[in-house]
Amino acid sequence: MQFHHHGYVSTDPRIQDPAGVGIDRPAQLPENVDVLIVGSGPAGMIAAAQLSQYPGITTRIVERRGERLAIGQADGIQARSVETFQAFGFAERIIAEAYRITEMAFWKPDPRDPSRIVRTARAVDDPTGISEFPHLIVNQARVLDYFAEVMENAPTRMTPDYGFEFQSLEVADDGDYPVAVTLRHGVDGPERIVNAKYVLGADGARSAVRDSIGCTMAGDQAFHAWGVMDVLAVTDFPDIRTKCAIQSGAGGNILLIPREGGYLFRMYVDLGEVRPDDKGAVRKTTIAEIIKKANEILHPYVLDVKNVAWHSVYEVAHRLTDRFDNLLPHEVGTRTPRVFIAGDACHTHSAKAGQGMNVSMQDGFNLAWKLGAVLSGRSPESLLGTYSAERQVIAKNLIDFDKQWSTLMATRQEDLADPSELEDFYVRTAEFPAGFMTQYPPSMLIGEATHQALADGFPIGKRFKSAQVVRVADANPVQLGHHHRADGRWRLYAFADAATPGAASALTEWAAWLQSSPDSPLLAHTPEGADIDSVFDIKVIYQQAHRDVDVTRVPAVFLPRTGPFELIDYEKLYAADPEQDIFDLRDIDRSGAVVVVRPDQYVAHVLPLAATAELAAFFRPILLGARVTAV
């Protein structure tokens, strides 16, 4: 964490000084806002946390509940989400309080006595080292708390506005605030209208915002019910603190998820097939019946439930909305979308793959940095058309995956084509539920893979996979990707060619072009008077050891001046770690490369150091011109 660059800080450095709309922030909802977010679930809160970093943007988030969420239904936090938490500054703290999944046990009927279950396999949770971050279990309410803290500590001092229920909206053809949103304050309270430039509906599976813009959910229902319960219990089942998939010979399955805190655990208990004419009767299944069914599946082990923190009954349904914004297909590209939906408002599926909260957060992150770029004047409105195009495909892939996983979880052991089919699928597809199969196709934000061979370990369109390097200034080993903050900036990682640091080379020529050429994105898109690294965070990674890098000979573009005192930022210079060389780990060509990373941590392009014209051309349609005179 960097601070003191605006003066000495003796208090918590996570609390930024109020600025812009955060100074004398009105307690009441204003009549006009830039962004109105409806719903304080994961998608809404991450979007609000991102937008809270922009002092000049008025964002408000409304929630029909009267207070913070106390008990959330979601609890699985995949490694990709923890990477995202790192960008918001709370990964270490949430890891400390969470339950960490390291392996999964599989229980099946004992071949000698099918009425009993026995452990048949164990699978490592991340056998290939997909991420340096762990797979966690922590209550959704705590995730929302952390995002709320980020918002409140941000320059805008944002907090949710509780007790407001969305009623309707209308989108005008023009005007500064073209979306008129009608809200009701309290159950029987008065209605009021808030005018917004943009609206995000993150109001759940029964989204009223989705309905108001005419989006439709399509899909199917599996006619299979599950009881889910968070409980404190005494049991002789030996793997009660290990994630388990349990298949019973008597019929029925359990997915066991230990929870944070050392005692609580969640069980998804198979309640069997649901008749098409059930009309929701299965949802009246009592907690006593769920516990009874769990004991039948666990035989010969006994579950003595002492306390139930929460329980519910649900039927598996897979549904996807036809679009993620208010534009009809024939309108795409002809005008700007004004209303967006995210999370469960767009896609619903089973809870057993642990994807709902995780994918929802990536929806919100994807949209929010784009809204921030547009509203702060950095990018054209055309940027917003990429949200629906990118995220709808991801949601479709999620539903296809979940159909396979939830079907396997509900299949009787004797009906499986292979006795080990469930655990084989779990291991084979580990990268998908971990959140790392997302790969955006070429677009205005994603370049063609023409030069992908220069950095095969950073696939274009996928998230930037961190690796350890050594910071030159202080010899500290650090994860390169962990310095990526949710601040709306683009990252340019310059991997140096093999020349001696400071000597004439492809890297020094690239740095000189970036610092002085009229075509340089750094000069073309950084606002006059702003810190030179306010739009681009540029880092260099040398092939040599850190002791062989002479800081006095490093190009000035890698030692930018920042803040009112124009202090030198020394955290742009890195060297390969001899013990785990990033050039080898990520297959980076020794002739050097430039890896471009979006504000939401996805690799946007890979280019040679000499491809300056291509780099300039890539950013031209994404960022608006705002020329400065000098670095």
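How many Å separate the centres of domain 1 and domain 3, taken over C-alpha atoms?

Reply: The centres of domain 1 and domain 3, taken over C-alpha atoms, are 31 Å apart. The model is predicted, so local features need pLDDT of at least 70 and side-chain atom pairs count only at pLDDT 80 or more, while totals for chains, interfaces and linings use all residues. Residues are numbered from 1 along each chain as its sequence is written, and side-chain values use heavy atoms, leaving out hydrogens and water.

The domain assignment (bounds from an automatic or database assignment) gives domain 1 as 20–93 + 136–217 + 323–429, domain 2 as 99–133 + 219–318 and domain 3 as 452–620. Between domain 1 and domain 3, contact (heavy atoms within 4.5 Å) takes 16 residues from domain 1 and 16 residues from domain 3. The area buried between domain 1 and domain 3 is about 1,400 Å², that is, the accessible area (1.4 Å probe) the two parts lose on being put together, summed over both. Carbon and sulfur atoms give 45% of that area.

Next, the helix packing. Two packed helices are described by the angle between their axes and the distance between the axes. Helices (H or I, at least four residues) and strands (E, at least two) are DSSP runs, numbered from the N terminus. Axes are lines fitted to C-alpha atoms, for helices over the stretch in contact, and angles run from 0 to 180 degrees between N-to-C directions.

Helix 1 (residues 42–51) and helix 4 (residues 140–153) have axes that come within 8 Å and cross at roughly 20°. Helix 1 is therefore roughly parallel to helix 4 (under 35 degrees; over 145 is roughly antiparallel, 65 to 115 roughly perpendicular, the rest oblique). Their crossing is left-handed (near helix turned anticlockwise from the far one by less than a right angle; clockwise is right-handed). P42, M45, I46, A48 and A49 of helix 1 meet Q140, L144, F147, A148, V150 and M151 of helix 4. By class, this contact has ten nonpolar, one polar and no charged residues (Ala, Val, Leu, Ile, Met, Phe, Trp, Tyr, Cys and Pro are nonpolar, Asp, Glu, Lys and Arg charged, the others, Gly among them, polar).

Helix 1 also packs on helix 7, at an angle of about 30° with the axes 7 Å apart. Helix 1 is thus roughly parallel to helix 7, and the crossing is right-handed. Helix 1 contributes P42, A43, I46, A47, Q50 and L51, and helix 7 contributes M357, S360, M361, G364, F365, A368, W369, L371 and G372. Eleven of these residues are nonpolar, four polar and none charged.

R80, S81, T84, F85 and F88 of helix 2 meet N358, M361, Q362 and F365 of helix 7. That contact has four nonpolar, four polar and one charged residues.
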